[in-house]
Each structure stands twice: as C-alpha cells, then as structure tokens.
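Here is a quick tour of the charged pairs in this model, with a stop at an annotated domain along the way. Have the coordinates open as you read.

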Amino acid sequence: MPSYGWLLALSLAALTGNNAGAIAYERTERNCSLVPPYLPSTAVNTTLQLQELRERMRPLNISAYIIPGTDAHLSEYIAPRDARLAFMTGFTGSAGTAVVTQTKAALWTDSRYWVQAKRQMDCNWELEKDVSVSSVAEWLITEVPPGGQIGFDPFLFSLKTQEDYDVNLESSNRSLKSIPANLVDQVWKDRPPIPPDTLTQRSWQMKVEHIRNEMRDNPYQPTALLLSALDETAWLFNLRGNDIPYNPFFYSYTLLTMDKIWLFLHTDRVSEELKVYLNASCEGPLCVQLKGYDTVLDNLKTYVAQPGVKVWIGTEYTNYALYELITPQDKLMTSSYSPVLTTKAVKDETEQRILRDAHVRDAVAVIQLLMWLEKAVPEGKETELTASEYVNKCRSKQKDSRGPSFETISASGPNAALAHYSPTNETSRRLTVEEMYLIDSGGQYLDGTTDITRTVHWGTPTAMQKEAFTRVLMGNIEISRTIFPSGTRGVNMEMLGRRALWEVGLNYGHGTGHGVGNYFGVHEWPVGFQGNNIPFRAGMFTSIEPGYYKENDFGIRIEDIAVIVPIQTKYGHNFLTFDTVSLVPYDRKLIDTSLLSSEQLQWLNKYYETIRKLVGPELDKQGLHEEKDWMLRNTDPFMTSGSSASVSFLFLNWTFV
C-alpha cells in the first residue's frame, strides 16, 4: 500500500518545482482507485451541489438530468453565470456534458481536456472519454431503468442535440423530459449576476435592410427571421456589451420581420441614449421595439399564431425551447446558419483594413513579450502565469485595447501537451531554457479581434522537437500559400496542414482553423476548416493553426490569422489565396530549413519582409527601438538551401527603411 504522505509530498513538489517528465506530471491528477482517494489541491468538492440537485430531481420523477456546457444562445464562450457545468463538476474546460442520476455522476469531454478533468474533478464524477451523444445515450440506457425519464433544459439543447438524443433513445423505452426551469440554477445559491453596465453603440439601419433583402430574395418567402446567437444581434445593431467574458456580447434575441423589429434584452440596462439610437419610440420598419429578455417565448408564440407567417431560423444556434414553439412545420424555415452569420463572415473593405491594423498593433505586444522572455527566462524567475500577465499588460497599452480575447494559454514542457491549458496559481510552472514554451493569446480592440500562437525554445531543442516544429510550420505554410477556386470548402484543404506530420506518423487532435471577428468573438462561425463550415470567399478571416503534442513532454502550435484575397493566375479567374495578417516571426532555432522546399522558404522570406514593412514603422511610432532591433534580427531572410536556420551572407547588410 502506498504512503499517502509520500503522495502528498510528491504532489506538492510537482506544483512548486519544475522537474519535467511523466511522474511529476501525473501527481497533479486525482487517483480514485486509492483508499481513501487521492485528490490534488485543484480538485473541487462537489458533494453538496450533487446532493441538492438530486433532491430537486425527485419530485419531477426524472431518473437522470443532463447538464450541457453552453448557454441559451448555444455560445462557445459563456458568462460566469452560465457555467453550470463547472459549478456542478469543478471542470472548467470549454467542451463537455455532464449527467447526474440518483447514484452516479459522469462527465463527457474530448481528449484536449482529459488531464484537466482529472485535475479538477473529485471522485464523485466518472470521466467518460468521448463527446458523442451516442456515448451519453448508451450510458443513460445502462443507468436509467426502462420507462425512466431524463430531464433536460430545452434552452441549452440545439435542435440537432435534441434530435440525436431522441434517435439514440427511441427504441430503449427511455425518454427525454423538457424542464425549462433549469435545476442547476435552483441549487446555485451564489450564481453570478448579469453585469450592470449599459450597452455601447454604433450604426445599424443599412444592415437591417440588407438582411430584409435576403429574406425577400429567398424562394421560401420567410416573413420573419429569429436571431438567437449573441453575435447575430450584436452585429445587426452594431452594439457591444460585456455579459460574456472575453466577448463583447450581451444577452439578447431578435425577431425581424419586413416591417417590425423586436429586440429582446434586459431593458433595465438600456440608457436613454441607446433608445434614441435604436429609434425605440416610433412604430415604423426601422424602429426597434424593446422587449424584456424573458418575454421572447410569449412574443414568439403570439407571432407564430398569426396566419400566413413563416419564421426563418439558423439551426446551429437556435435552442430547442424556441424551435418547439414554431408549429406547424409549414410555419418554419431552416438553414444551418442565419443570413446574418453568413453575411457577417465576409468583411467589407473597411472591416478588412481596420482588422489588419489591429493585428499590426497586436504584433507589437507579442514581440514585447518574446523579447522580454528571451532575457528573463535564463534568470529563472518567470512562470507561465507571469508570462500570461505580461502579454496582456503589453496589449492593454495598445491603442483601442479592450482586453484579451480569450483566456491566455501559457504552457511550458508537459503542460504545453495540453492543447487548451491555462495556468493557475496552483499549476503554473517555472519557465526554463531546457523546455519548450507555447503561448496562445489574443486581444480585443475596437477595430478587431486577434489570436496568435508562437512556440519557442530558449535553450537547445532536441532533434525530435526541431523536426516536429518544422513540420508544423510546413503545414502552416502549405495552407497559407495554397491557391484555390472561390467557393472551396476549408475541409477540402485541411489535410495540407497535416501532410508533413503524417509523413512521419505524427498528427494533432484539434481543428486547423476558425473564423475571427471585428471586435467580436475570437472563434467566429461559420468560417473555418471543419465539415460544417461554409465555403471560403474573399474577405473572410480565418486562423491557420496546425500543431503537435507529445504527451507529458511538450506541445507545439503555430497559429496565424489570414484574410482570404483574390489572386491572379495564368489562366483562371475567380481564384483565391490566404494573406497572413498575424505579424510575429517564428523561433529560428526550431526551424530545420533542410526540410523546407524552396517554395516554402520563399514564402517564409516574403512573410518576414511583410513583418518588417508593416510592424517596423509601428515600433518606431511607439518608440520601441530595442523591440525593433529584436524584430529585425528575427526576420533575417533564410538561405534557400542548407540544414539550419542560418541567414545568407548576401542579406546580412540589409537595412530596414
């Protein structure tokens, strides 16, 4: 039998020391097979909330209760008051589903978060290493007796989620029971309130008319459009709020018809200035009727009861509670995404220009971080957490900064093998010259949203680390330099980001890219490289972010934002390519140029010329001369052949103008 004092001592050493390797890494995870179970200091005791939730379940005659990790708008990022999954389980990852019965509790999440879940959950919870509805349903069929009912909040289920559960449970003699009053909210005594701030404003009438034209042109002739995703309403009215961390959104729904606009929000937060801005005191087609957020169900039900109406919804972001009100079916029109989301995905010339400008200023902040770390890490005083704080401090000094665009991923050594790890006081590791370091961070600015990842090594990387980094870079470059017909789907070129890794038996388990907004969400759907993303068109912005993660050792990701632009080809017209707008050099010592093709080296040198051209003047403008010297050193052009990332003597005397 192991000594529990020994286990505790090793766990504390893993949290406070910096020994790399699997043993130190594993001490931060729970071990429920021991008697008594071993729990790290990061685990959350969930006994009380489970007891109270089960008490709420009994009078409703439900055998199980499903707790998704989203909100009533099916948002990717949610407000603290909607973090029901985290409150019940202790697990704070961005993807997961929990189920509670009277005797068991289980969490489903994907491979990015398995280690994190073991660090944060106590032994009340089983960890299911899957995310599919079929896996949850299979577990429910085992745990729920025949004839049993399974409770769920219809506001937190998408149409597809509800349909998938129905399909998987239909022959099992178990059924879903819709419970609109969320049970977790009823036991969450200190649930955070909605922030009290008023909303901010810009202009909106032309957008409303544009969307109405799309409704008129649709052959199915919808009479109304229901907007449920928070960024839909924010975009339509050019409004921003602060209800959701890192995202400038506010709780809202919109019902738009050809002659009326209903905006559902918390009306007690609306200023007189905003009422004037929205023409809220009139009754015309460009007058916004302000309705209480909680009245959306009643108002939608009243509208649908009228003869001859048809409501258009985007199924990806409409919750089941709203969907089930739109009956009969001939009053419903569906598409995967609303015309607002597909229109918003293509930036106009002004939006493209200012989003590029935001990335130039953001590059300054990242360059400041990398230069500082290069000096500070050898002294042995900096940690993952201090690095995260430093880059956010640098961004806060940039023009029009509105804070980070997501929780910074600052990870060294084995922590970097967790694709979405963020440091805490308990888990933050000291940075050393002996380990790789990954920093994935972004900023919100009034003119744009940024997201960039760089991986560095301040000492001597191993041959495997250098090869893996180079192959990840090759994937980034191969996508970035690709020329393709307009209308090509990202999923059809996604493998280009993996091919160099696949050639040596490596891979990564996350997506290759996502859309990004103009002071909106850092993950802006429906742009990207996944199967449910829309075809690429000029004016879309997407991330390109291949990676590689060696468990318990290191992690690599190289992420840039690129805008899709037209390109002239020898014969064809209407072809596109990517123009990278993230402007920070890669770590030279991790690049093995002998693996790169001449075309890849040419792309890399041209990219470095662009960094010099665009970021150099901004560094001069801000008086950051030392940072400019650092940037120039790290953007020296590469030789077109050779085995290392050295520079050609022909270029050594280049000066930046």
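## Salt bridges overall

Searching the whole structure turns up 32 salt bridges, where a salt bridge means a side-chain nitrogen of Lys or Arg within 4 Å of a carboxyl oxygen of Asp or Glu. The general idea is simple: side chains of opposite charge can pair when their charged atoms come close.

Some housekeeping before the details. This is a predicted model, so local features need pLDDT of at least 70 and side-chain atom pairs count only at pLDDT 80 or more, while totals for chains, interfaces and linings use all residues. Residues are numbered from 1 along each chain as its sequence is written, and side-chain values use heavy atoms, with hydrogens and water left out.

## Pairs that reach across the sequence

Take K189 and E52, whose side chains form a salt bridge at 2.9 Å, N to O. K189 sits in the loop between α8 (183-187) and α9 (205-217), and E52 belongs to helix α3 (residues 47-57), so distant parts of the chain, 137 residues apart, are linked by this pair. (Helices here are DSSP runs of H or I with at least four residues, strands are runs of E with at least two, and both are numbered from the N terminus.) K189 is exposed at 67% relative accessible area, whereas E52 is buried at 19%. The cut-offs are under 20% for buried, over 50% for exposed and partly exposed in between, using a 1.4 Å probe and protein chains only.

Next comes K344 with D231, their closest N and O atoms 3.0 Å apart.

What about K275 and E272? Their side chains meet in a salt bridge at 3.3 Å, N to O. Both residues lie in helix α11 (residues 272-277), three residues apart, or about one turn of the helix. K275 is partly exposed at 32%, and E272 is exposed at 57%.

There's also a network: D82, R84, D185 and R191 are joined by salt bridges that share partners.

## The annotated domain

An unreviewed UniProt entry lists residues 354-564 as "domain: Peptidase M24". UniProt positions are given in the numbering used here, feature names are shortened, and annotations may be inferred rather than shown by experiment. Over residues 354-564, the chain is 27% helix and 24% strand, with the end C-alpha atoms 15 Å apart.
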